[in-house]
Amino acid sequence: MKPLTVSRDARGVARVRSALENKQLRLHYQPIICLDQLRACGAEALLRIEGDAAGTSPTEFLQAAEESGLMTPVGDFVVETGLLACRL
């Protein structure tokens, strides 16, 4: 993984902040398949920024969130959204 430069880091923080403010974070679920049972036995949640024309990778925006103190609101979104999905 490449270290972030100041300009890339600033863009990443701005992108995460904007995604939080504009409700653009999305969870996508990928099934985990148990091969011995040949069925889905769980799911993995993948966090993405909807409408991200810049194509910010999850590695970049999560690192920016961690370094800027935005990981708590990002984590809150993930937990709340995941729990709501479980209720469906």
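**Disulfide**

A disulfide is counted here as a pair of cysteine sulfur atoms within 2.5 Å. I am working from a predicted model, not an experimental one. I looked up how many pairs pass the rule, and the count comes to 1 disulfide. The pair is C34 and C41, with sulfur atoms 1.9 Å apart. Such a link is a covalent bond between the sulfur atoms of two cysteines. I then looked up the handedness. The torsion about the S-S bond of C34 and C41 is about 95°, so this disulfide is right-handed.

I also looked up accessibility for two cysteines. C41 has 38% relative accessibility and therefore counts as partly exposed. C86 counts as exposed because its relative accessibility is 64%, where the cut-off for exposed is over 50%.

**Hairpin**

I looked up the strands next. Strand β1 covers residues 25-34 and strand β2 covers residues 39-49. The two run antiparallel and are joined by 10 bridges. I picked I32 and looked for its bridge partner in β2, which is G42. In a regular strand the side chains alternate between the two faces of the sheet.

The hairpin of β1 and β2 has 4 residues between the strands.

**Helices**

Which residues of helix α2 are buried? For α2, residues 58-68, I wrote down F61, Q63, A64 and A65. An α-helix has 3.6 residues a turn, so residues three or four places apart point the same way. Just after α2 comes G69, which takes a positive phi of about 85°.

I then looked at A14, which lies in helix α1. A14 counts as partly exposed because its relative accessibility is 43%. I looked up its distance to S68: the two C-alpha atoms are 9.9 Å apart in space, while the residues are 54 apart in sequence.

**Nonpolar core**

How many residues make up the largest nonpolar core? I found 12 residues in all. They are V13, V16, A19, L25, L27, L47, I49, F61, A64, A65, L70 and V74. The elements giving two or more residues to this core are α1 (6-21), β1, β2 and α2. In soluble globular proteins, nonpolar side chains tend to be buried together.

I took L25 from this core and looked up its contacts, leaving aside neighbours within four places in sequence. L25 is in contact with A19, L20, L47, R48, I49, V74 and F77.

**Salt bridges**

I looked up the salt bridges, and the count comes to 2.

One joins the side chains of D52 and R15, at 3.1 Å from N to O. D52 lies in the loop between β2 and α2 and R15 in helix α1, so the pair ties together parts that are 37 residues apart in sequence. Are the two residues buried or exposed? D52 has a relative accessible area of 16% and is therefore buried. R15 is buried because its relative accessible area is 15%. The cut-off for buried is under 20%.

Another salt bridge joins E50 and R26, whose closest N and O atoms are 2.8 Å apart. E50 is in the loop between β2 and α2 and R26 is in strand β1, so I noted a link between distant parts of the chain, 24 residues apart. E50 counts as partly exposed because its relative accessibility is 41%. R26 is at 30% relative accessibility and so counts as partly exposed.

Key:
Residues numbered from 1 in each chain as written. Predicted model: local features only at pLDDT ≥ 70, side-chain atom pairs only at ≥ 80, totals over all residues. Heavy atoms only, no water. Pairing = 2+ DSSP bridges. Buried < 20%, exposed > 50% of the residue type's maximum accessible area, 1.4 Å probe, protein only. Core = buried A, V, L, I, M, F, W, Y, C linked by side-chain atoms within 4.5 Å. Contact = heavy atoms within 4.5 Å. Salt bridge = Lys/Arg side-chain N within 4 Å of Asp/Glu carboxyl O.
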